[in-house]
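Hi,

Here is the structure I said I would pass on. Have a look at it first, and then read on for what turned up.

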Amino acid sequence: MDHGPRTGAKVALTFDADMTDGMLASLRAGRVKSYANLRILDLLERERVPATFFLTGKWVQRYPDVTRRIAGNPRFELANHTYGHAAFTADCYDLPRLPVDKLAADVAKTFEVIEPYGGRQTRYFRFPGLCHDAAALDALAPLGVTVVDGDVVSGDPFATAWKPLVRAVLDHVHPGSVVIMHVTEANAAMTDEALPHILAGLRERGLVPAPLSEVLAEG
């Protein structure tokens with residue numbers, strides 16, 4: 001699914017929490033400080049804004065306290081973004097590729113990692129890089145997941161300024177939209193600066209952030 005019905009006024013703000021072995025190595029070596037942008041959580045909590053977080057299993061294991069914070073907020077939903085952000089197809093942003101016969105186990109393992117944290121857990125799943133094909137979809141069918149891409153891509157990974165992110169969202173958002181952003185601070189450093197302006201722009205357009213489950217069910 002790319003978006004919900006184009007009725008009503010609800011939109012879904014979604015935040016991917018990527019984590020690869022390379023990112024873990026950067027943390028261990030001190031090359032980066034954090035892949036968990038707590039300023040985003042602070043703002044969402046302060047403004048009482050619902051959001052949905054697509055978590056990788058390795059991110060959850062690296063940031064258990066942050067995961068508990070997300071799970072403990074009734075306005076936040078938890079979703080699945082694979083275990084280690086590997087590619088599920090060929091030619092996907094230079095990500096290492098998992099073989100087709102390992103895909104279902106990777107996603108199932110991620111659900112197992114997330115499950116003990118409780119909260120508003122879902123069966124929503126997002127492919128790394130939004131890269132998927134028929135074989136990947138067939139492999140995940142037995143898990144009963146709903147694959148959610150998005151129709152508004154913020155472009156926040158590796159952005160060097162916040163204003164283009166605001167324009168990317170507000171120029172393309174509509175009722176029912178699913179907005180893709182990232183909570184991975186070191187490689188999405190402008191997201192927390194853009195977010196207040198995005199929220200203000202949504203209000204000006206009469207659009208209301210809602211959990212992804214409500215946006216997809218709206219109609």
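Let me start with Glu214, which is partly exposed, at a relative accessible area of 32%. This is a predicted model, by the way. The side chain of Glu214 forms a salt bridge with that of Lys10, with 3.3 Å from N to O. That bridge ties together distant parts of the chain: Lys10 belongs to strand 1 and Glu214 to helix 9 (residues 212-217), and the two are 204 residues apart. Lys10 is partly exposed too, with a relative accessible area of 26%.

Asp42 and Arg69 meet through their side chains at 2.5 Å, N to O. This is another link between distant parts of the chain, with Asp42 in helix 2 (residues 38-47) and Arg69 in helix 4 (residues 64-71), 27 residues apart. Both ends are partly exposed: Asp42 has a relative accessible area of 34%, and Arg69 comes in at 26%.

Asp65 counts as exposed, at 53% relative accessibility, while Arg68 is partly exposed at 46%. And if you like networks, Arg39, Glu185 and Asp192 are linked in one made of salt bridges.

Now for a charged residue without such a partner. Asp106, in helix 5 (residues 103-114), is buried but has no salt bridge. The nearest side chain of opposite charge is Lys109, 7.2 Å away. Leaving aside residues up to four places away in sequence, Asp106 touches Thr82, Tyr83, Gly84, Phe88 and Leu98.

On to the strands. Where does strand 2 (residues 51-55) sit, enclosed or open? Five of its five residues are buried, so the rest of the structure largely encloses it. Both of its faces are covered, with Ala51, Phe53 and Leu55 on one side and Thr52 and Phe54 on the other. Strand 2 pairs with strand 1 (residues 10-17) in the parallel sense, over four bridges, and Leu55 is the bridge partner of Ala17 there. Strand 3 (residues 76-80) also runs parallel to strand 2, joined to it by five bridges; Ala51 stands opposite Phe76 in that pairing.

You will find one disulfide, joining Cys92 to Cys131 with 2.1 Å from S to S. The link is right-handed, with 85° about the S-S bond. It connects distant parts of the chain, 39 residues apart: Cys92 lies in the loop between strand 3 and helix 5, and Cys131 in the loop between strand 4 (120-125) and helix 6 (134-140). Both cysteines are buried.

Helix 7 (residues 163-170) is worth a click as well. Leu165, Val166, Ala168, Val169 and Leu170 are buried there, and the buried residues of helix 7 pack against strand 6 (152-153), strand 7 (178-182) and helix 8 (191-204).

Finally, the whole thing: the protein has nine helices and eight strands. Its radius of gyration is 16 Å, close to the 17 Å that the globule rule gives for 219 residues, so it is as compact as a globular protein of that length. Of those residues, 54% count as buried.

Cheers

Note on methods. Residues are numbered from 1 along each chain as its sequence is written. This is a predicted model: local features need pLDDT of at least 70, side-chain atom pairs count only at pLDDT 80 or more; totals for chains, interfaces and linings use all residues. Side-chain values use heavy atoms; hydrogens and water are left out. Buried means under 20% relative accessible area, exposed over 50%, partly exposed in between (1.4 Å probe, protein chains only). Lys and Arg count as positive and Asp and Glu as negative; His and the chain ends are not counted. A salt bridge is a side-chain nitrogen of Lys or Arg within 4 Å of a carboxyl oxygen of Asp or Glu. Contact means heavy atoms within 4.5 Å. Two strands pair if DSSP finds at least two bridges between them. A disulfide is a pair of cysteine sulfur atoms within 2.5 Å. The radius of gyration is taken over C-alpha atoms; the globule rule is 2.2 Å times the number of residues to the power 0.38.
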